[in-house]
Protein chains: 2
Amino acid sequence: MKNILYMATSLNGYIAKKNNETPWSESEWKSYSKIVKSIGNIIIRWNTYKIMKESDEFNSINNPLTIILTNQKLPPKNNFIFVNSPTKALDILKEKGFKKVLISGGKKLNTSFLKKNLIDEIYIDVEPFIFGKGIKLFSEVAIYKNLELLETKLLSKNTIQLHYKVSKD
Amino acid sequence: MKNILYMATSLNGYIAKKNNETPWSESEWKSYSKIVKSIGNIIIRWNTYKIMKESDEFNSINNPLTIILTNQKLPPKNNFIFVNSPTKALDILKEKGFKKVLISGGKKLNTSFLKKNLIDEIYIDVEPFIFGKGIKLFSEVAIYKNLELLETKLLSKNTIQLHYKVSKD
(Lines give C-alpha, C1' and ligand atoms only; values in the text may rest on other atoms or scores of the structure.)
Protein backbone atom coordinates (compact mmCIF):
# COMPACT_ATOMS: atom_id res chain seq x y z
CA MET A 1 0.00 0.00 0.00
CA LYS A 2 1.36 3.44 -0.92
CA ASN A 3 0.91 6.15 1.69
CA ILE A 4 0.70 9.62 0.20
CA LEU A 5 0.80 12.91 2.06
CA TYR A 6 -0.99 15.67 0.18
CA MET A 7 -0.93 19.27 1.45
CA ALA A 8 -0.84 22.84 0.23
CA THR A 9 1.56 25.31 1.82
CA SER A 10 2.56 28.94 1.62
CA LEU A 11 6.00 29.53 0.08
CA ASN A 12 7.44 29.57 3.60
CA GLY A 13 6.00 26.18 4.55
CA TYR A 14 2.77 26.89 6.42
CA ILE A 15 -0.28 24.67 5.82
CA ALA A 16 -2.66 27.36 7.12
CA LYS A 17 -2.70 30.75 8.73
CA LYS A 18 -2.60 30.82 12.52
CA ASN A 19 -6.44 31.00 12.56
CA ASN A 20 -6.68 27.84 10.36
CA GLU A 21 -7.60 29.91 7.31
CA THR A 22 -6.36 28.39 4.02
CA PRO A 23 -6.67 30.89 1.17
CA TRP A 24 -5.70 28.32 -1.46
CA SER A 25 -6.43 28.61 -5.15
CA GLU A 26 -9.23 27.02 -7.14
CA SER A 27 -6.59 25.02 -9.04
CA GLU A 28 -5.19 23.60 -5.80
CA TRP A 29 -8.62 22.55 -4.64
CA LYS A 30 -9.34 20.93 -8.01
CA SER A 31 -6.11 18.98 -7.88
CA TYR A 32 -6.80 17.83 -4.32
CA SER A 33 -10.40 16.82 -5.14
CA LYS A 34 -9.19 14.86 -8.13
CA ILE A 35 -6.66 12.83 -6.15
CA VAL A 36 -9.13 12.17 -3.30
CA LYS A 37 -11.74 10.97 -5.79
CA SER A 38 -9.23 8.71 -7.52
CA ILE A 39 -7.91 7.21 -4.27
CA GLY A 40 -11.26 7.07 -2.47
CA ASN A 41 -10.02 7.58 1.09
CA ILE A 42 -8.40 10.13 3.36
CA ILE A 43 -6.85 10.00 6.81
CA ILE A 44 -7.23 13.18 8.86
CA ARG A 45 -7.19 14.26 12.45
CA TRP A 46 -10.14 15.34 14.55
CA ASN A 47 -9.44 19.06 14.07
CA THR A 48 -9.25 18.78 10.30
CA TYR A 49 -12.41 16.65 10.37
CA LYS A 50 -14.27 19.38 12.23
CA ILE A 51 -13.05 22.12 9.87
CA MET A 52 -13.96 20.06 6.79
CA LYS A 53 -17.36 19.12 8.21
CA GLU A 54 -18.22 22.73 8.98
CA SER A 55 -17.37 23.86 5.46
CA ASP A 56 -19.15 20.91 3.84
CA GLU A 57 -15.94 19.78 2.16
CA PHE A 58 -16.71 16.05 2.27
CA ASN A 59 -19.55 16.39 -0.22
CA SER A 60 -17.39 18.28 -2.69
CA ILE A 61 -14.78 15.50 -2.66
CA ASN A 62 -17.38 12.74 -3.18
CA ASN A 63 -17.51 11.58 0.45
CA PRO A 64 -14.42 9.37 0.52
CA LEU A 65 -13.93 6.75 3.22
CA THR A 66 -12.55 8.98 5.97
CA ILE A 67 -10.44 7.69 8.83
CA ILE A 68 -10.25 10.16 11.69
CA LEU A 69 -7.47 9.97 14.26
CA THR A 70 -8.80 10.84 17.69
CA ASN A 71 -8.57 9.63 21.26
CA GLN A 72 -12.34 9.77 21.56
CA LYS A 73 -14.00 6.38 21.30
CA LEU A 74 -16.71 6.81 18.68
CA PRO A 75 -18.60 4.26 16.58
CA PRO A 76 -18.28 4.46 12.77
CA LYS A 77 -20.85 6.71 11.14
CA ASN A 78 -21.58 6.82 7.41
CA ASN A 79 -18.16 7.10 5.75
CA PHE A 80 -16.40 8.13 8.96
CA ILE A 81 -14.29 5.71 11.00
CA PHE A 82 -12.64 6.86 14.23
CA VAL A 83 -9.35 5.30 15.36
CA ASN A 84 -6.58 6.21 17.78
CA SER A 85 -3.37 5.38 15.88
CA PRO A 86 -1.82 5.69 12.40
CA THR A 87 -1.26 1.94 12.13
CA LYS A 88 -4.92 1.20 12.94
CA ALA A 89 -5.97 3.65 10.23
CA LEU A 90 -3.71 1.91 7.71
CA ASP A 91 -4.84 -1.57 8.79
CA ILE A 92 -8.47 -0.70 8.09
CA LEU A 93 -7.69 0.69 4.63
CA LYS A 94 -5.50 -2.29 3.78
CA GLU A 95 -8.23 -4.68 4.84
CA LYS A 96 -10.66 -2.84 2.59
CA GLY A 97 -8.35 -3.43 -0.34
CA PHE A 98 -7.06 0.11 -0.97
CA LYS A 99 -3.76 0.29 -2.85
CA LYS A 100 -3.22 3.96 -2.00
CA VAL A 101 -3.90 6.03 1.10
CA LEU A 102 -4.22 9.79 1.28
CA ILE A 103 -2.88 11.44 4.43
CA SER A 104 -4.01 15.04 4.61
CA GLY A 105 -3.34 16.82 7.82
CA GLY A 106 -3.10 18.60 10.01
CA LYS A 107 0.37 19.08 11.40
CA LYS A 108 0.19 16.52 14.21
CA LEU A 109 -1.23 13.82 11.99
CA ASN A 110 1.43 14.42 9.33
CA THR A 111 4.11 14.22 12.00
CA SER A 112 2.80 11.00 13.55
CA PHE A 113 2.95 9.26 10.16
CA LEU A 114 6.35 10.70 9.21
CA LYS A 115 7.90 9.74 12.56
CA LYS A 116 6.91 6.13 12.02
CA ASN A 117 8.21 6.12 8.42
CA LEU A 118 4.66 5.68 7.18
CA ILE A 119 4.82 8.23 4.35
CA ASP A 120 6.00 7.01 0.94
CA GLU A 121 5.28 10.04 -1.21
CA ILE A 122 4.54 13.73 -0.63
CA TYR A 123 2.64 16.18 -2.80
CA ILE A 124 3.02 19.83 -1.85
CA ASP A 125 1.10 22.48 -3.75
CA VAL A 126 3.11 25.65 -3.16
CA GLU A 127 0.71 28.58 -3.05
CA PRO A 128 1.89 32.15 -3.83
CA PHE A 129 1.82 33.54 -0.32
CA ILE A 130 4.04 34.35 2.59
CA PHE A 131 2.40 33.99 5.98
CA GLY A 132 4.35 35.56 8.82
CA LYS A 133 2.51 33.34 11.27
CA GLY A 134 0.95 29.99 10.54
CA ILE A 135 0.64 26.30 11.15
CA LYS A 136 3.60 24.23 10.14
CA LEU A 137 3.61 21.17 7.89
CA PHE A 138 5.16 19.10 10.68
CA SER A 139 5.59 19.57 14.42
CA GLU A 140 9.00 20.46 15.79
CA VAL A 141 10.48 17.01 16.30
CA ALA A 142 13.86 15.44 15.68
CA ILE A 143 13.12 14.19 12.18
CA TYR A 144 15.43 14.49 9.21
CA LYS A 145 14.31 13.05 5.88
CA ASN A 146 15.81 12.90 2.42
CA LEU A 147 13.48 13.25 -0.51
CA GLU A 148 13.61 12.46 -4.19
CA LEU A 149 11.84 14.85 -6.55
CA LEU A 150 9.57 12.79 -8.81
CA GLU A 151 7.68 15.50 -10.67
CA THR A 152 6.73 19.16 -10.72
CA LYS A 153 3.55 20.49 -12.26
CA LEU A 154 2.13 23.99 -12.69
CA LEU A 155 -1.45 23.83 -11.40
CA SER A 156 -2.07 27.42 -12.47
CA LYS A 157 -0.12 30.58 -13.24
CA ASN A 158 1.03 30.98 -9.64
CA THR A 159 0.69 27.54 -8.05
CA ILE A 160 3.23 24.78 -8.47
CA GLN A 161 2.89 21.19 -7.31
CA LEU A 162 6.00 19.40 -6.07
CA HIS A 163 5.85 15.60 -5.88
CA TYR A 164 8.48 13.73 -3.87
CA LYS A 165 9.35 10.23 -2.81
CA VAL A 166 10.49 9.89 0.81
CA SER A 167 13.81 8.03 1.06
CA LYS A 168 13.62 5.12 3.45
CA ASP A 169 17.25 5.34 4.63
CA MET B 1 16.91 49.35 -7.80
CA LYS B 2 15.57 45.80 -7.62
CA ASN B 3 15.86 44.09 -4.25
CA ILE B 4 16.11 40.32 -4.53
CA LEU B 5 15.89 37.81 -1.69
CA TYR B 6 17.74 34.61 -2.49
CA MET B 7 17.56 31.62 -0.11
CA ALA B 8 17.50 27.84 -0.13
CA THR B 9 15.02 26.01 2.06
CA SER B 10 14.00 22.49 2.99
CA LEU B 11 10.63 21.42 1.54
CA ASN B 12 9.03 22.50 4.81
CA GLY B 13 10.43 26.01 4.70
CA TYR B 14 13.55 25.99 6.86
CA ILE B 15 16.64 27.93 5.72
CA ALA B 16 18.93 25.83 7.93
CA LYS B 17 18.88 23.12 10.56
CA LYS B 18 18.60 24.29 14.15
CA ASN B 19 22.41 24.18 14.46
CA ASN B 20 22.78 26.44 11.35
CA GLU B 21 23.84 23.51 9.20
CA THR B 22 22.79 23.87 5.54
CA PRO B 23 23.22 20.58 3.67
CA TRP B 24 22.40 22.16 0.31
CA SER B 25 23.33 20.69 -3.03
CA GLU B 26 26.24 21.58 -5.28
CA SER B 27 23.73 22.83 -7.86
CA GLU B 28 22.16 25.22 -5.34
CA TRP B 29 25.56 26.60 -4.42
CA LYS B 30 26.46 27.05 -8.07
CA SER B 31 23.25 28.92 -8.76
CA TYR B 32 23.75 31.16 -5.72
CA SER B 33 27.39 31.88 -6.63
CA LYS B 34 26.38 32.75 -10.16
CA ILE B 35 23.76 35.28 -9.09
CA VAL B 36 26.07 36.85 -6.48
CA LYS B 37 28.82 37.21 -9.09
CA SER B 38 26.43 38.77 -11.59
CA ILE B 39 24.95 41.22 -9.05
CA GLY B 40 28.21 41.97 -7.23
CA ASN B 41 26.78 42.63 -3.78
CA ILE B 42 25.03 40.93 -0.88
CA ILE B 43 23.31 42.17 2.25
CA ILE B 44 23.55 39.84 5.24
CA ARG B 45 23.30 39.97 9.00
CA TRP B 46 26.15 39.65 11.46
CA ASN B 47 25.44 35.97 12.18
CA THR B 48 25.45 35.00 8.52
CA TYR B 49 28.61 37.07 8.06
CA LYS B 50 30.36 35.12 10.80
CA ILE B 51 29.25 31.76 9.39
CA MET B 52 30.34 32.72 5.87
CA LYS B 53 33.66 34.09 7.06
CA GLU B 54 34.46 30.94 9.00
CA SER B 55 33.78 28.71 6.01
CA ASP B 56 35.66 31.00 3.61
CA GLU B 57 32.57 31.49 1.50
CA PHE B 58 33.33 35.05 0.43
CA ASN B 59 36.30 33.95 -1.66
CA SER B 60 34.26 31.36 -3.49
CA ILE B 61 31.68 33.97 -4.50
CA ASN B 62 34.33 36.43 -5.75
CA ASN B 63 34.25 38.71 -2.70
CA PRO B 64 31.17 40.80 -3.50
CA LEU B 65 30.58 44.14 -1.84
CA THR B 66 29.03 42.91 1.42
CA ILE B 67 26.80 45.05 3.58
CA ILE B 68 26.44 43.63 7.07
CA LEU B 69 23.54 44.63 9.30
CA THR B 70 24.67 44.94 12.89
CA ASN B 71 24.28 47.23 15.86
CA GLN B 72 28.02 47.23 16.38
CA LYS B 73 29.74 50.36 15.11
CA LEU B 74 32.56 49.13 12.92
CA PRO B 75 34.58 50.88 10.19
CA PRO B 76 34.44 49.44 6.64
CA LYS B 77 37.10 46.80 5.98
CA ASN B 78 37.99 45.50 2.52
CA ASN B 79 34.66 44.67 0.88
CA PHE B 80 32.76 44.72 4.15
CA ILE B 81 30.56 47.65 5.18
CA PHE B 82 28.73 47.61 8.51
CA VAL B 83 25.40 49.42 8.92
CA ASN B 84 22.49 49.31 11.35
CA SER B 85 19.40 49.45 9.12
CA PRO B 86 18.02 48.01 5.86
CA THR B 87 17.52 51.48 4.36
CA LYS B 88 21.14 52.47 5.07
CA ALA B 89 22.29 49.28 3.37
CA LEU B 90 20.19 50.10 0.32
CA ASP B 91 21.30 53.73 0.24
CA ILE B 92 24.96 52.71 0.07
CA LEU B 93 24.33 50.28 -2.79
CA LYS B 94 22.23 52.80 -4.67
CA GLU B 95 24.92 55.41 -4.31
CA LYS B 96 27.47 52.97 -5.71
CA GLY B 97 25.30 52.55 -8.80
CA PHE B 98 24.01 49.01 -8.30
CA LYS B 99 20.82 48.19 -10.22
CA LYS B 100 20.18 45.00 -8.22
CA VAL B 101 20.67 44.06 -4.59
CA LEU B 102 20.95 40.55 -3.18
CA ILE B 103 19.44 39.99 0.26
CA SER B 104 20.55 36.65 1.64
CA GLY B 105 19.69 35.99 5.23
CA GLY B 106 19.31 35.00 7.83
CA LYS B 107 15.78 34.98 9.16
CA LYS B 108 15.83 38.32 10.99
CA LEU B 109 17.38 40.17 8.08
CA ASN B 110 14.86 38.73 5.63
CA THR B 111 12.06 39.76 7.95
CA SER B 112 13.31 43.31 8.44
CA PHE B 113 13.34 43.88 4.67
CA LEU B 114 9.98 42.18 4.06
CA LYS B 115 8.29 44.14 6.84
CA LYS B 116 9.33 47.40 5.21
CA ASN B 117 8.20 46.24 1.73
CA LEU B 118 11.81 46.28 0.60
CA ILE B 119 11.78 42.94 -1.25
CA ASP B 120 10.81 42.99 -4.94
CA GLU B 121 11.61 39.44 -5.94
CA ILE B 122 12.27 36.14 -4.17
CA TYR B 123 14.26 33.13 -5.32
CA ILE B 124 13.79 29.98 -3.25
CA ASP B 125 15.79 26.88 -4.09
CA VAL B 126 13.72 24.05 -2.61
CA GLU B 127 16.08 21.34 -1.44
CA PRO B 128 14.92 17.70 -1.08
CA PHE B 129 14.79 17.51 2.68
CA ILE B 130 12.42 17.68 5.58
CA PHE B 131 13.90 19.11 8.76
CA GLY B 132 11.80 18.51 11.86
CA LYS B 133 13.52 21.46 13.53
CA GLY B 134 15.14 24.39 11.85
CA ILE B 135 15.47 28.10 11.25
CA LYS B 136 12.57 29.70 9.44
CA LEU B 137 12.70 31.87 6.33
CA PHE B 138 11.02 34.72 8.23
CA SER B 139 10.40 35.47 11.91
CA GLU B 140 6.90 35.04 13.31
CA VAL B 141 5.44 38.45 12.58
CA ALA B 142 2.11 39.71 11.33
CA ILE B 143 3.04 39.77 7.65
CA TYR B 144 0.89 38.50 4.83
CA LYS B 145 2.19 38.79 1.27
CA ASN B 146 0.85 37.81 -2.12
CA LEU B 147 3.33 36.56 -4.67
CA GLU B 148 3.39 36.11 -8.41
CA LEU B 149 5.27 33.10 -9.77
CA LEU B 150 7.69 34.33 -12.44
CA GLU B 151 9.64 31.19 -13.23
CA THR B 152 10.56 27.71 -12.05
CA LYS B 153 13.82 25.99 -12.91
CA LEU B 154 15.21 22.55 -12.10
CA LEU B 155 18.72 23.16 -10.76
CA SER B 156 19.37 19.42 -10.58
CA LYS B 157 17.44 16.15 -10.38
CA ASN B 158 16.09 16.95 -6.91
CA THR B 159 16.38 20.71 -6.51
CA ILE B 160 13.89 23.16 -7.92
CA GLN B 161 14.19 26.93 -7.97
CA LEU B 162 11.04 29.00 -7.54
CA HIS B 163 11.22 32.64 -8.58
CA TYR B 164 8.50 35.04 -7.41
CA LYS B 165 7.61 38.70 -7.60
CA VAL B 166 6.30 40.18 -4.35
CA SER B 167 2.98 42.00 -4.89
CA LYS B 168 3.09 45.51 -3.57
CA ASP B 169 -0.57 45.63 -2.53
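Because the model is predicted, local features need pLDDT of at least 70 and side-chain atom pairs count only at pLDDT 80 or more, while totals for chains, interfaces and linings use all residues. Residues are numbered from 1 along each chain as its sequence is written, and chains are lettered from A and ligands numbered from 1 in the order in which they are written.

Let's start with how the copies sit together. Two copies of a chain are related by a rotation about an axis and a shift along it. The same surface serves both copies, as 100% of the contact residues of chain A recur in chain B; two residues are in contact if their C-beta atoms, placed from the backbone, lie within 7 Å.

The contact itself takes 30 residues from chain A and 30 residues from chain B. On the side of chain A that touches chain B, β7, β8 (129-131), β10 (144-154) and β11 each supply at least two residues. The strand β10(A) gives the most, with seven residues. Strands (E, at least two residues) and helices (H or I, at least four) are DSSP runs, numbered from the N terminus. By type, this side of chain A divides into 18 nonpolar, six polar and six charged residues. Nonpolar covers Ala, Val, Leu, Ile, Met, Phe, Trp, Tyr, Cys and Pro, charged covers Asp, Glu, Lys and Arg, and the others, Gly among them, count as polar.

Next up is helix α1 of chain A, residues 26-39. Its 14 residues should span 20 Å at 1.5 Å a residue, and its end C-alpha atoms are 20 Å apart, which agrees (the expected span is 1.5 Å times one less than the number of residues). The buried residues of α1(A) are A:S31, A:Y32 and A:V36. They cover an arc of only 130° around the axis, which puts them on the same side of α1(A); the arc is that of the directions from the helix axis to the C-beta atoms. On the other side, A:E26, A:K30, A:K34, A:K37 and A:S38 are exposed. Buried means 20 or more other C-beta atoms within 10 Å of a residue's own, exposed means 12 or fewer, and partly exposed is in between, with C-beta atoms placed from the backbone. The buried residues of α1(A) pack against strands of chain A including β1 (2-10) and β3 (41-45). After the helix comes A:G40, with a positive phi near 85°.

The largest nonpolar core has 92 residues, and A:I43, A:I103, A:I122, B:I43 and B:I103 touch the most other members. Such a core is a set of buried Ala, Val, Leu, Ile, Met, Phe, Trp, Tyr and Cys residues joined through C-beta atoms within 7 Å. Leaving out residues up to four places away in sequence, A:I43 touches A:I67, A:L69, A:A89, A:V101, A:L102 and A:I103.

Finally, A:N79 lies in the loop between β4 (65-69) and β5 (80-83) of chain A. With 15 C-beta neighbours inside 10 Å, A:N79 counts as partly exposed.
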